[in-house]
Amino acid sequence: MTSTREPVQEGLRPVRAEAGETVEVRFTVNGTPAVLNLPARVTLADALRDHLGLSGTHVGCEHGVCGMCTVLVDGEAARACLLFACQLDGSEVVTVEGLGRPDDLHPLQESFGRNHALQCGFCTPGFLLSSYDLLSNKPEVTDEELPAELSGVICRCTGYRNILTAVSQTRAAHPEGIPEPGNCARRALVGRSGGQSATVVEERAEPSGEPARNVEIVLPEGDPTIAVQVDTALDVPFDEVWRVLDDVHVLAGCLPGAELTEELGEQLYAGRARVAVGPIKLSFHGIARVLEQDRDTGTIRVLAQGQDTGGAQTQADITLRARATAAGTELRADAAVYLTGRIAQFGRALAGDISRRMFEQFADSVRQAATTGEAPQQSHAAPSALRMVLGTLLDRIKRIGRPRGGK
């Protein structure tokens, strides 16, 4: 039965780890290259659910019997509860999230919905991927053979008849072969609370530790972790503000905790940034590329990505717009920020508030730089996000306690 096959383990590197040690695992999940550092005992199911946030893979019996946790490993159906994540270094994994998008379902998903082959839905991910594996490897399967071929996944709602109908209709609609999964692309993978998230792998640094010169920054698809928009009125003329935005070195010096370390050419820069959250100190090393720097529109757009040694990663698409006003200059910052790892464990609202605070500090530094002609002298120590959190909470308390009408 196709749904009970396990991937061939030949060629996978042997792993030996002491108790308490972690093993680095590099694999591709739904089109996203990722790296995790996990204890060797962590199963693929737990890695997917807790460390990558892909909770569509359901765990039932945890003995490889029920089939609820079926995923595709290197194109073959496999039980995620029976595989250790460390066995899959170099593998390609597809989960139910990679099968189709909400606005563009895979034909199997459409057929399951159309035929009400769902009931409680707990078994549905396993059935979808087992069915995909079956139709990929045995497209000539007959309706008479379907009950036996799909018996590796157990539905306790007794919805088998509708499930068989859904698979049969999909087979009939695609006699030339079932379409491949349609939602495999680079995106941010964020672990659930308490779980380490994946580091999304882009271009690797050179062995010397120097950043690569030909890096292409590719942002994940889908909604960002945080979307920030901050408007600030500066009592400084536009020309002086633009002088700051036009000088990357001065501009970088206005970012809290940031430091520009090298020019790589073609508007590509290397740098580092530090953030402290209580006892947790993050030091990001990364790159930024200036995509647009237009004085006529007062616009500068930057793509940036950075990675912490502990696996946290941030990617951002930042646009700054300066507009002359009667009182000086209006500075608007729009940012789409993608977070993975420890830094992504904060709630979105709180992380968004912290990001807005940092942009407000940046705007104040731009004001100082525009006035004095140089970036403000600031240490490169990590700015305290905890202090920003307390300030944010205080602002919220003040808003709650403010009488209606804003008076």
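**Figure 1. Aromatic pairs in the predicted model.** The count of aromatic pairs in this predicted structure comes to 2. One of them, formed by F127 and Y160, is edge-to-face, with a centre-to-centre distance of 6.0 Å and an angle of 80° between the planes. F127 belongs to helix α3 (residues 124–137) and Y160 to helix α5 (residues 160–173), so this pair ties together parts that are 33 residues apart in sequence. Y160 counts as partly exposed, because its relative accessibility is 32%.

**Figure 2. The pair formed by F238 and W242 is stacked.** The ring centres of F238 and W242 are 6.4 Å apart and the planes lie at 10°; since planes under 30 degrees apart count as stacked, the pair is assigned to that class. F238 and W242 are 4 residues apart in helix α6 (residues 238–245), and are thus separated by about one helical turn. F238 is buried, with a relative accessible area of 14%. W242 likewise counts as buried, at 4% relative accessibility.

Figure 3. When neighbours within four places in sequence are left aside, L291 is in contact with R301 and L303. E266 is 25 residues from L291 along the chain, and the C-alpha atoms of these two residues are separated by 9.8 Å.

Technical notes:
Residues are numbered from 1 along each chain as its sequence is written. This is a predicted model: local features need pLDDT of at least 70, side-chain atom pairs count only at pLDDT 80 or more; totals for chains, interfaces and linings use all residues. Side-chain values use heavy atoms; hydrogens and water are left out. Contact means heavy atoms within 4.5 Å. Rings of Phe, Tyr and Trp (its six-membered ring) pair if their centres lie within 6.5 Å; planes under 30 degrees apart count as stacked, over 60 as edge-to-face and the rest as tilted. Helices (H or I, at least four residues) and strands (E, at least two) are DSSP runs, numbered from the N terminus. Buried means under 20% relative accessible area, exposed over 50%, partly exposed in between (1.4 Å probe, protein chains only).
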